[in-house]
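This briefing is for a reader who meets the structure for the first time. Please look over the sequence and the model before reading on.

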Amino acid sequence: MTMTLAAWHAACNQQTAALEGHRSRQFGLRPLVGSVVGAQGTRESVLPGEVWATQTFGGSQPSPHSVGSPNSVGSPIRVGFAGRRLHLGHLGLARTAAQMADGGAQLLLFDASVDSTSIVDCFRTAVCHYAGASIPGQLIEYGPDLRRWQNQALSGLRLDKMRRLYGWDSSTPASALTDLEAMISFFLYTPQGMEGGGAALVDAMQAPHSALLPQAARAVDAKLPELLYRRLFPSLRRGGERGSVREPSSVVFADDDEATVQRKFLRSRTGGRASVEEQRALGGDATRCSAFAMIELLCPPETAQRALDGCLSGRSCGDCKAEHMAGVVSGLRAATRTPLRAGTSSQVGLTVSRAAGGLHRPPPRDATDLEAAIAERSGVHPDQVVVGHGSTEVMDWLFRIQAGSGGKVVATEPTFDLYQELAERHHLRYAAAAWDPRTFNHDAAALVRLADRDTALCIIDVPHSVSGAVGQVTELLDRLFEALPDDAVVLLDLVYADFMNIPIEPASRLLSRYPRTVLFGSMSKAHCLLGARVGYALAATPLADRLRSHRLPYAMDSLALTAAHSALMDDESRQRTVQASHEARARITATLQGLGIAYVQTEANFLLMDLGTRFAPVARRLRAGGTSFRDGRRWCMPGWMQIHLIDVPFIEPFIEALRQDTTGENGTSSHRPWLLHKEIEGPSVP
């Protein structure tokens, strides 16, 4: 048995319509399932899936099928929300609003929340997340104009009718009138410059207000909106009920910490059958599964469809939750937090601007101040730090030193192209060992076999400069130094190490344990100073002195030194750039998992994936949009692509290009990556 996400929404809507049958008949709601037959006989989606009923007033009102369409530009989508904390119900509302505003309609926000600043900002973030772009909108604030308008609207209503409609009696608090005043404003008030009417997103409990709207609208000469009734997010604990803020365990809040979200998801009600045998035979019932409702709301559509297919095929609910828990957590964070942006420290521009006034003077003869700052951050002595124009210049000095004894350079292929270029520049033989196809990382045994007595230099990049994979660094170094001759040096390229989740051993410990190792770092990556060209090496003092002797006096640009020193002092900016990359990593890997696309788990700020037959159309769209990527053919890996994980906005064009192609299949390359989910301990080969 198969079911699409649209069919799942329709089934849930039918259940809601049945539960709300009496209210529908009483107030004239028109239940629907979310699709109609189009002009060409095809079924067309006309409203977001969560809308289960509509309500119009008179024959002059627009059809719900036109709301949010291109010809409704300027029509407001009315959204009201209240409470203290944003929760899953608000996120569903944000998604519906984003889908309806796609045709050019504007959002008209009515806020009755306790802490309006935080909840409104978070709601706007969620709308932009689901829309994939900024949506124009206006927040209605309580002021003199609105107060006068409300008084006029209420003057057209009679208390006896409100008493019959709402069941008010002598015990009803006076605040009920204030609540009614706010609701009438939500349905009817339109600021200047915006077209009246439009559509209002509501739930069934607001249906009684519709009986008062025609009379109130006449009092203020306002257009009546079309009312679109949404399903409320189901309770995580009990069937047939909505999530309630009065029962925190029944709903997930946007500000719940990761452990709390995981716990609520794992304990949420499912649509599982009474026994394992019955589950396998009949499959689960996703229409009564609050866990699947979370997956459908927070994960990419491809992931949700895969979860739905598994449910209907009889997969156990426990396995489903285990697989999708990480995606639910990351989806919640992506929807409710403004994506971090990578970038150069704001202090750099200020300090460089001040330093520009001294360009008539020569730069420092040596880079001792910057070397001292790097030493303090790295936990080594300043004499062990050597700064140059990018890490590649300092690498060039190391190649030059090792070239004196002749011999060869040992490295892993594929890798950074410059290693071979430097070897050829200094007339060193370049011997490459293929990486381990199981891990996309260094093959220790293959490197050891190449590391004979002619070896002058062995190169290890951590994370790997093509795959981003990380292995056991110290174990690899131990094996290499057992095989290398006494005058050989290991070049440990750590320019991407800032992006690793778990850092390798401290530099001081590595240099003490392996004195013939030179560690390379860069200000270009996590510090975002690519244009300044500042890199450095950390080495034992005698080797550092030899490297430094190749740097000419006054060689370092004074502005570059100033920029690097300023960026180094702003570690908060570096951490923000790293976190922005991690958010992009979580976003893109969730998408790839949902599409079943293989990728290599990365610890760097880039990701290598096997697009197979999807490669050509995705690459074409990226080139047309000016989005950069690396073609795997440069490493003899056709169908593979490497994309930088700068931040979420940077990777959005790639995700959009990927989702536009639904016909491609993964390649069947002999290179096999692993898909590593956060809850799995260790690699798992697909």
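Predicted model: local features only at pLDDT ≥ 70, side-chain atom pairs only at ≥ 80, totals over all residues.

Residues are numbered from 1 along each chain as its sequence is written, and side-chain values use heavy atoms, with hydrogens and water left out.

**Domains**

- The protein chain is assigned domain 1 (25-34 + 45-55 + 75-227), domain 2 (258-336), domain 3 (353-569) and domain 4 (577-659); such bounds come from an automatic or database domain assignment.
- The centres of domain 2 and domain 4, taken over C-alpha atoms, are 26 Å apart.
- Seven residues of domain 2 and eight residues of domain 4 take part in the contact between them, where contact means heavy atoms within 4.5 Å.
- About 550 Å² is buried between domain 2 and domain 4, and carbon and sulfur atoms give 55% of that area; buried area is the accessible area (1.4 Å probe) that two parts lose on being put together, summed over both.
- P300, E302 and R306 account for 64% of the area that domain 2 buries against domain 4, more than any other three residues.
- Between domain 2 and domain 4 there are zero salt bridges, a salt bridge being a side-chain nitrogen of Lys or Arg within 4 Å of a carboxyl oxygen of Asp or Glu.
- One residue pair is in polar contact between domain 2 and domain 4, with both residues at pLDDT 80 or more. A polar contact is a pair of N or O atoms within 3.5 Å; within protein, one must be able to donate a hydrogen and the other to accept it, and residues adjacent in sequence count only if both atoms are side-chain atoms.
- On the side of domain 2 that touches domain 4, α12 and α13 (317-336) each supply at least two residues, and α12 gives the most, with four residues.

- Helices (H or I, at least four residues) and strands (E, at least two) are DSSP runs, numbered from the N terminus.
- Helix α1 (residues 5-19) has 15 residues and spans 21 Å from its first C-alpha to its last, close to the 21 Å expected at 1.5 Å a residue; the expected span is 1.5 Å times one less than the number of residues.
- The buried residues of α1 are L5, W8, H9, A10, A11, C12, N13, T16 and A17. Buried means under 20% relative accessible area, exposed over 50%, and partly exposed in between (1.4 Å probe, protein chains only).
- The cover over these buried residues of α1 includes α2 (21-27), β1 (30-31), β4 (51-55), α3 (88-100), α11 (290-298) and α12 (301-312).
- In helix α15 (residues 368-378), L370, E371, A373, I374, A375 and S378 are buried.
- These buried residues of α15 pack against β10 (385-388), α20 (507-513), β16 (535-538), α21 (541-548) and α22 (558-569).

**Two single residues**

- A219 belongs to helix α8 (residues 213-220) and is partly exposed, with a relative accessible area of 25%.
- Apart from neighbours within four places in sequence, A219 is in contact with Q152, A153 and G156.
- Q279 sits in helix α10 (residues 276-282) and is buried, with a relative accessible area of 7%.
- The side chain of Q279 reaches the backbone oxygen of R315 at 3.0 Å.

**Salt bridges**

- The structure holds 33 salt bridges.
- D256 and K264 form one of them, with the closest N and O atoms 2.9 Å apart; D256 is buried at 7% relative accessibility, and K264 is buried at 10%.
- E371 and R551 meet in a salt bridge at 2.9 Å, N to O. E371 lies in helix α15 and R551 in the loop between α21 and α22, so the pair ties together parts 180 residues apart in sequence.
- Both E371 and R551 are buried.
- R425 forms a salt bridge with D396, the closest N and O atoms being 3.9 Å apart. This pair links helix α17 (residues 417-425), which holds R425, to helix α16 (residues 390-403), which holds D396, 29 residues apart.
- R425 is exposed at 58% relative accessible area, whereas D396 is buried at 11%.
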